[in-house]
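Let's walk through this one together, chain by chain.

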Amino acid sequence: MSPRRTPSGGRIDRLRTIRFIFDGTAYTGHQGDTLASALLANGVSLFGRSFKYHRPRGVLTAGVDEPNALVTVLRGEVREPNIPATMVEIHDGLTAVSQNRFPSLAYDVSAINQLGGKFISAGFYYKTFMGPLIGPLKGTRFWMLCEKIIRRAAGLGRAGHAPDPSRYERMNAFCDVLVVGSGPAGLAAALEAAQSGARVILAELDPCFGGSANWSGEKIDGEPAATWASDVVGELKAHGNVRLLKRTTVWGYYDGNTLAAIERVGDHKDAPARGAPRHRHWTIRAKSVVLATGAFERPLVFPGNDRPGVMMASAAMRYANQYGVLPGEKIAVLANNDSAYRAAVALAKAGARIVAIADLRPDVSAACRKLATEAGAELLTGHAVIGTEGGKKLSGVKLAPFSAASGVSKGNARDIGADCLVVSGGWSPTIHLASQAGARPLWSDDLQAFLPPEAGKGWIGAGAFNGTFSTAEAISEGFAAGRKAAGQPALETTTLPDVEPAPLDPNPAPVFEIKAKGKAFVDFQHDVTADDVRLAHLEGFVSVEHLKRYTTLGMATDQGKGSNVPGLAIMAEALGKPIPEVGTTRFRPPYAPVSVGALAAERFGDLKPDRLTPMHDWHLENGATMYSAGLWFRPMIYGGPGETIEQAYVREAGATRETAGIVDVSTLGKIAVQGPDAAEFLDRVYSNVFSTLPVGKARYGLMLREDGLVFDDGTTWRLGEHDFLMTTTTANAGKVMQHLEYFLDVVWPDLKVHLTSVTDQWAGAAIGGPRAREILASCVTGTRVDNEALPFMGIVHGEIAGAPVMICRLSFSGEMAFEVYSGAGHGTHVWEALIEAGKPFGMVPYGLEALGTMRIEKGHVTGAEIDGRTSARDLHLGWMLSKKKPFIGSAMMDREGLSASGRLELVGLISLDNRPLSGGAHIVEEVDTANPHGSLGHITAACFSPALGKYIALALVSGGKARHGKRAHVSDPLRNRFGPVEIVSHHFFDPEGKRMHG
Amino acid sequence: MVEQLSPLEPVFRPGSHGNFVDGVGVTLSEIAPGSIVQLAAWPGEEKKLMATIGSVTGLKLADGAGTGASSERYTAFGFAPGKFLVSDASEGLATAFAGKVTAAIGTITDLSHGRTAIRIGGPKSEWVLAKLFAVDFALAAFPQGSGISTTHHDVFTQIQRSGPDSFDLYVFRSFARSFWKMLCHASDEVGYEVR
Amino acid sequence: MLITCPYCGPRDVSEFAYQGDGNRTRPDPASTDPEAWNAYVYDRLNPAGLHNEIWQHAGGCRAHLAVVRDTLTHEISSVRFAREHGAPAHGRRKPGAKA
Amino acid sequence: MAEYSAFSLLKNALSGNRDWKPAWRKPSPKASYDVVIIGGGGHGLSTAYYLAKEFGITNVAVLEKGYLGSGNVGRNTTAVRSNYLLPQNTRFYEHSMKMWENLSHDLNYNVMFSQRGVLNLAHTPGQLDDLARKGNAMRHLGVDAELMTPAEIGRRVPGLDMSQQARFPIYGGLMQERAGTARHDAVAWGYARGADRRGVDIIENCEVTGFLRDGDRVTGVSTSRGEIRARKVAVAVAGSTGRVMQLAGIDRMPIESHVLQAFVSESLKPFLDTVLTFGMGHFYVGQSDKGGLVYGGDLDGYNSYAQRGSLPIVEEVMSEMLALFPSLAPVRVLRSWGGVCDMSMDGSPIITTGPLPGMYLNCGWCYGGFKATPASGFCFAHTIAKDAPHEFNAPFTLDRFSRGTVIDDKGQGPTPRMH
């Protein structure tokens with residue numbers, strides 16, 4: 001038997017023993033235990049170290065608000081840091097380690113930080129570490145040295161470097177009513193909504209439904225509350241329209257009643273089921289939401305309140321009632337309200353000795369006195385705990401008379417031995433989701449807490465969330481909320497379950513702090529003390545946000561669930577203002593921390609969508625090195641054995657200009673532009689004219705943006721009177737489509753034009769080179785491809801190897817070239833036929849590098865030159881700008897800045913030192929390697945030109961054309977490349993176009 | 001005629017996969033219709049276009065967004081205002097509409113090669129699809145025969161409900177392989193059969 | 001956020017592409033008034049409160065929608081097809097202009 | 001007020017930290033000032049500081065609607081860099097960088113500027129060329145920049161997925177070593193304290209409700225705390241530019257307000273020693289001294305003043321983080337928040353006289369406002385004091401759009417959400 005396990009009771013499965021490891025020691029626990037309850041049962045009291053002072057810490061709570069007991073869960077090499085031990089369900093093989101300590105949890109050298117306490121008070125780092133004004137540590141150097149040390153001391157757990165192999169998934173859900181929280185109020189709401197026929201989702205963050213019913217010890221309809229809860233869950237399960245989600249934290253309340261939740265599907269298992277995710281990220285669109293999220297018990301601020309052994313009263317009760325674990329044998333109680341008395345009774349019943357109940361109030365009700373007697377405790381009203389004894393474990397508490405008006409009177413202090421102190425400072429409703437939804441909380445002087453306002457547009461509250469702390473009333477509110485959320489009228493009378501009445505007063509005394517000597521913590525994890533809050537006040541950081549930011553109060557992993565209100569109260573006192581005038585923080589998602597993996601789910605890595613051309617597999621089988629172009633994959637080179645990239649593309653481009661080459665151009669954007677107004681539409685969106693284009697011909701077109709700068713280019717083919725096929729660059733396909741759709745839908749809705757993306761309908765193979773026509777002629781049937789039948793920019797239809805093809809004679813390479821389009825499903829078939837036909841001629845397949853080389857030789861522009869800043873004239877495409885008609889961009893393209901001299905213009909460069917040029921190198925008149933300056937522009941694309949036998953480049957250079965024939969230098973300090981170049985026309989090769997016109 | 005090559009070819013593995021010990025949650029298959037055609041009416045001409053679809057395919061389309069119907073051979077559904085996707089088990093559907101959908105009514109766009117059609121059927125179909133699409137797949141919200149347009153990340157998808165627990169998905173061909181992999185991945189949990 | 005597309009019904013915001021201020025009127029294409037063009041291309045109403053906007057249901061039916069949305073709360077008060085928005089008859093080529 | 005130093009800390013510690021004085025006073029507004037600055041964020045405060053320090057104008061009020069620094073100065077991911085493509089931007093941000101390098105001393109307030117470098121990653125050879133173009137442009141203006149090889153990047157950033165099988169493999173990167181991060185709140189507080197020490201009145205909880213006018217001329221403001229006259233009224237309200245300019249009767253501006261979300265993970269031991277940007281999408285990440293990974297991505301993409309984010313962007317940002325660091329899947333997001341960004345039509349700021357007589361305008365910061373804080377304040381102060389721009393803000397005019405002299409670093413054109 002574990003030292004602290006009660007002989008009976010609790011909702012754990014005592015027949016199932018589970019083995020786990022914490023900090024290298026093997027322990028056992030039972031099915032149903034959390035890591036915290038199992039370790040407590042084993043007598044462990046030290047769980048972690050605090051952030052700043054590295055103070056020893058135990059476990060304070062039993063839930064998601066735990067600030068102290070953070071651990072790292074290990075799964076093989078994968079580390080999951082900063083998980084509250086209160087939220088980890090134990091399972092066989094669970095391995096966890098403590099954090100933020102060196103060399104061990106018990107002996108942490110950084111605990112020396114505690115000695116610097118007053119020196120390293122809130123905001124100390126803003127006032128020092130600035131370093132000397134002169135010398136080797138001037139500027140930011142001294143700070144950066146200090147920072148290194150500070151960073152090492154700060155931080156909690158350590159993240160690993162091993163990729164996480166776990167599966168994370170997302171799930172979309174729709175429902176009429178989402179109920180958040182499955183305590184008595186939530187269960188009642190879910191049941192009522194389900195019975196009225198609504199589609200219901202019930203989300204519970206714990207492993208079992210029922211909330212407080214699992215540990216309150218109350219009776220409902222004469223049965224233990226937990227039995228009532230499981231009966232209701234059983235009823236809910238029988239409804240076909242209910243989805244029950246346990247281990248599910250609803251963490252975000254987004255616009256449009258969209259809620260985000262994380263379901264921990266596999267964390268409680270040694271290995272997840274096959275194909276099941278570890279976490280499932282739910283996006284729930286709910287017509288209506290019932291918030292039954294309960295309340296958090298607040299700590300009190302007093303010296304030594306962070307010593308291991310100090311625990312929230314409700315948590316201690318939960319450990320006893322739900323887990324069958326006693327947090328101590330001799331337990332003292334400190335409270336400012338009635339609720340702790342029930343904890344005292346529960347702990348006494350479970351076998352602990354309640355050594356004293358110190359109540360901050362001068363007097364308490366008869367009901368409380370009765371409970372104190374029942375617990376066998378000495379009741380000390382008007383008393384406070386003014387200090388705690390013990391090292392890393394509580395051994396006693398110091399009590400003294402106390403009154404809210406005059407504070408502690410030290411004269412009659414007495415010491416009481418205790419190994420556990422349970423504390424209740426009142427309750428804060430869990431209003432986070434309502435606040436995320438935009439609700440402004442209201443302060444209740446009675447409850448000394450922020451309450452949600454009237455129900456919001458999409459939600460309604462029930463139970464402790466509303467500040468309704470009696471179970472009977474919570475259930476009643478739950479039923480009403482469930483009906484309302486399901487759109488049903490309220491009932492005049494309802495039969496409600498019978499709950500034994502709790503004669504306790506929910507209102508606490510307005511006391512948050514007991515002022516006495518010693519460090520009294522407000523924010524446990526971040527080591528923010530009451531004095532820190534007062535220091536912030538002294539220095540003027542008095543607004544809530546300043547308080548938070550200056551002291552880091554509430555910024556820890558528990559997000560201030562327990563510390564927020566006490567911190568505000570201390571500031572309010574310092575300011576002499578009521579608490580609500582100090583303000584409250586607006587809560588933002590997430591309610592509790594959420595794994596990055598769950599949110600990313602399948603959106604990255606191998607599961608990120610990619611796009612493949614119809615010939616993709618052929619490319620791979622034939623040695624292509626693939627290049628990712630946006631989501632597409634395209635062949636970069638088809639490298640031979642031992643070939644470098646440059647050798648490969650030079651060979652490919654050379655062979656193409658020598659005989660023929662073939663390239664996959666399926667990725668080009670293709671848009672069907674159809675309808676009686678298609679030609680008119682194209683005239684408006686292109687800078688040049690398309691209405692004069694005859695059927696069966698193609699034309700190169702240029703599009704500008706509204707601001708007059710170049711947007712995209714491509715050829716458009718007229719396939720019929722009302723039927724055009726537009727091509728765009730690969731990169732801009734989606735943007736062009738949206739641009740055209742916008743104008744058609746919003747600006748020119750009167751035009752009869754339909755646009756359809758047909759990029760995927762067609763496989764495109766461009767075959768070019770002196771022998772291209774012969775190769776094509778040898779395999780095409782049903783059409784001639786000679787100059788007469790297929791002139792430059794002509795289009796014909798035929799068949800290749802039995803598959804229908806459409807051929808347009810156009811050229812990007814500058815060679816006699818043809819784009820052969822076939823149905824995508826025939827793409828590989830046609831491609832292979834072309835390859836076969838090309839074999840006798842020595843035709844090669846070529847990739848993007850060779851394509852780029854040939855386009856540089858021809859001076860064609862692509863995305864590197866059309867970079868969103870260049871005008872048509874900058875690119876020497878002024879001839880494309882029709883003067884006969886307005887078009888998109890025509891009104892703005894002549895603004896002074898766009899026609900100013902000195903703009904960057906497209907030029908060609910030839911390397912004069914026979915060394916390679918690189919994209920991104922700059923151009924200068926005079927080289928200055930030590931202090932590069934005077935950039936005239938930059939290289940956009942560079943290659944070795946097999947046609948010219950030289951290293952050449954395209955560049956955008958200030959006053960470009962005027963510099964033709966002049967010498968300049970590349971200046972590339974990043975790659976240490978400097979050298980002379982000649983500035984020339986961008987038409988390097990066959991400027992008259994003899995080759996392509998044949 | 002030359003057969004179309006499926007873009008799924010290398011990743012299409014018939015048989016049972018994933019967690020199928022308790023039975024198969026979904027069945028995945030490629031439909032590979034002979035033709036897929038998009039028909040689009042000019043505003044005000046929608047009724048005429050629907051009548052034309054009826055005359056060619058025999059499918060009766062009711063009024064309203066996303067209306068759809070299917071027969072042994074044909075399927076048709078609306079996916080955007082005035083726009084319909086029609087499929088035919090045989091080739092040549094675009095030709096069948098040529099001349100019938102006149103310039104006054106609207107346009108015909110042959111997408112037989114451009115879209116890949118995938119069917120998911122079985123008791124867990126809605127569960128698996130809900131992982132990929134932010135759409136309510138419940139029968140009441142998505143009745144049999146009707147169609148929608150939606151997106152899984154960058155993958156634009158048109159979906160027709162082809163049965164109480166069966167859906168036909170039309171995706172862009174270039175995305176089809178990666179989408180198929182995603183669909184299999186999402187089906188792992190419930191066990192799936194490819195056929 | 002959910003936007004109720006008149007064709008597709010309520011859909012997640014991730015399916016939509018924002019196309020900006022819906023209060024702008026494109027000048028007559030033949031106009032060369034620089035101020036009018038500058039205002040159309042560069043100036044935006046940017047109200048804190050109700051805003052007329054154009055969204056495209058890019059991940060759905062691809063229709064453009066005229067949406068009235070509150071920029072302070074993100075609440076949407078109306079959605080219509082943009083083409084039925086009564087778009088002014090601008091954009092026609094100036095009579096007599098030759099192609 | 002006492003200087004801050006290790007000595008003053010020690011002295012105060014010994015006396016129980018009871019003698020610290022407020023970092024800035026809480027004065028009531030006077031009836032008139034030489035200069036009223038609307039907006040108590042980073043830029044408004046730094047403008048006040050430099051007006052006093054550099055131009056001797058101390059009869060200045062800074063009006064803040066809420067608490068000081070409640071806007072984007074406290075809602076950003078704290079990166080400071082000058083790695084821009086276009087010279088107008090690079091010169092301005094480099095001037096800012098030089099001011100950052102001495103800011104803690106200048107303010108006697110540790111703003112924790114940590115020059116841990118900013119590294120832009122390239123995932124294709126083409127992207128690497130683009131980065132080289134940018135880096136070389138910087139080098140030709142005397143700004144530091146280095147290309148890093150994949151091997152060097154792997155050593156510098158352990159945990160990064162360097163595999164060639166990665167969906168977007170890393171081909172290299174552009175590093176600016178002098179760039180880094182600073183403690184955002186400290187910048188606001190440091191400037192506030194510095195301005196206050198020079199006599200500037202910083203007035204919180206004072207909302208401007210209108211402009212006082214004499215014909216066209218702006219002569220002051222009406223506020224929730226009464227009318228305040230001023231010879232010069234300067235507007236530095238970032239995301240609220242639209243609202244404030246509307247009060248002056250100007251309802252159309254080359255500005256849209258958009259929400260940008262930022263995220264912080266739970267505290268971790270040192271994991272990342274530099275600031276990193278992803279090239280296949282929009283993502284950036286650094287680690288705060290407290291240990292939280294601080295990161296963000298794209299704008300939500302629609303006009304908003306709500307400081308409220310949307311879920312799809314959350315998912316996108318997280319997926320981009322894992323594309324770089326697959327080991328971070330189990331690490332948890334602790335907080336998210338939204339800032340309202342004043343997105344301009346070309347992605348570059350506006351610091352100018354006008355548009356009305358007596359008015360001065362500072363806006364259009366897009367994502368980049370935090371790192372600009374010192375130079376923005378300095379240049380704006382110069383513009384206000386001299387009624388003419390400093391050479392570094394001369395290009396940032398309001399009429400550059402009509403003139404076609406836009407400064408479009410990303411080449412996206414007049415689509416604010418794309419910048």
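We can start with chain C, where residues 24 or more positions apart make up 52% of the contacts with a separation of 6 or more; two residues are in contact if their C-beta atoms, placed from the backbone, lie within 7 Å. A word on the ground rules: this is a predicted model, with local features needing pLDDT of at least 70, side-chain atom pairs counting only at pLDDT 80 or more, and totals for chains, interfaces and linings using all residues. Residues are numbered from 1 along each chain as its sequence is written, while chains are lettered from A and ligands numbered from 1 in the order in which they are written.

Chain C has one helix and seven strands, in the order β-β-β-α-β-β-β-β from the N terminus. Helices (H or I, at least four residues) and strands (E, at least two) are DSSP runs, numbered from the N terminus. Of the 99 residues in chain C, 48% are buried. Buried here means that 20 or more other C-beta atoms lie within 10 Å of a residue's own, whereas exposed means 12 or fewer and partly exposed is in between; the C-beta atoms are placed from the backbone.

Now move to chain D, with its 11 helices and 19 strands. Here 70% of the 419 residues count as buried, and 75% of the contacts with a separation of 6 or more join residues 24 or more positions apart. The C-alpha trace spans about 65 × 60 × 40 Å along its principal axes.

UniProt, in an unreviewed entry, lists residues 35-79 of chain D as "domain: Rhodanese"; its positions are given in the numbering used here, feature names are shortened, and annotations may be inferred rather than shown by experiment. That span is 31% helix and 20% strand, and its end C-alpha atoms lie 30 Å apart.

Next comes chain B, which has four helices and 12 strands. Its radius of gyration is 17 Å, close to the 16 Å from the globule rule for 195 residues, so chain B is as compact as a globular protein of that length. In chain B, 59% of the 195 residues count as buried.

Chain B is assigned domain 1 (18-32 + 113-194) and domain 2 (35-110), with bounds from an automatic or database domain assignment. The centres of these two domains of chain B, taken over C-alpha atoms, are 23 Å apart. Their contact takes 12 residues from domain 1 of chain B and 13 residues from domain 2 of chain B.

Where does chain B meet chain A? The contact takes 35 residues from chain B and 40 residues from chain A. On the chain B side, β3 (35-41), β7 (106-110), α3 (125-132) and α4 (173-187) each supply at least two residues, and α4(B) gives the most, with eight residues.

Finally, look inside. The largest nonpolar core has 567 residues, and Val333(A) and Ala344(A) have the most contacts inside it. Such a core is a set of buried Ala, Val, Leu, Ile, Met, Phe, Trp, Tyr and Cys residues joined through C-beta atoms within 7 Å. Helix α9 (residues 311-324) of chain D gives the largest share of this core, nine residues.

Technical notes. Rg over C-alpha atoms; globule rule 2.2 N^0.38 Å.
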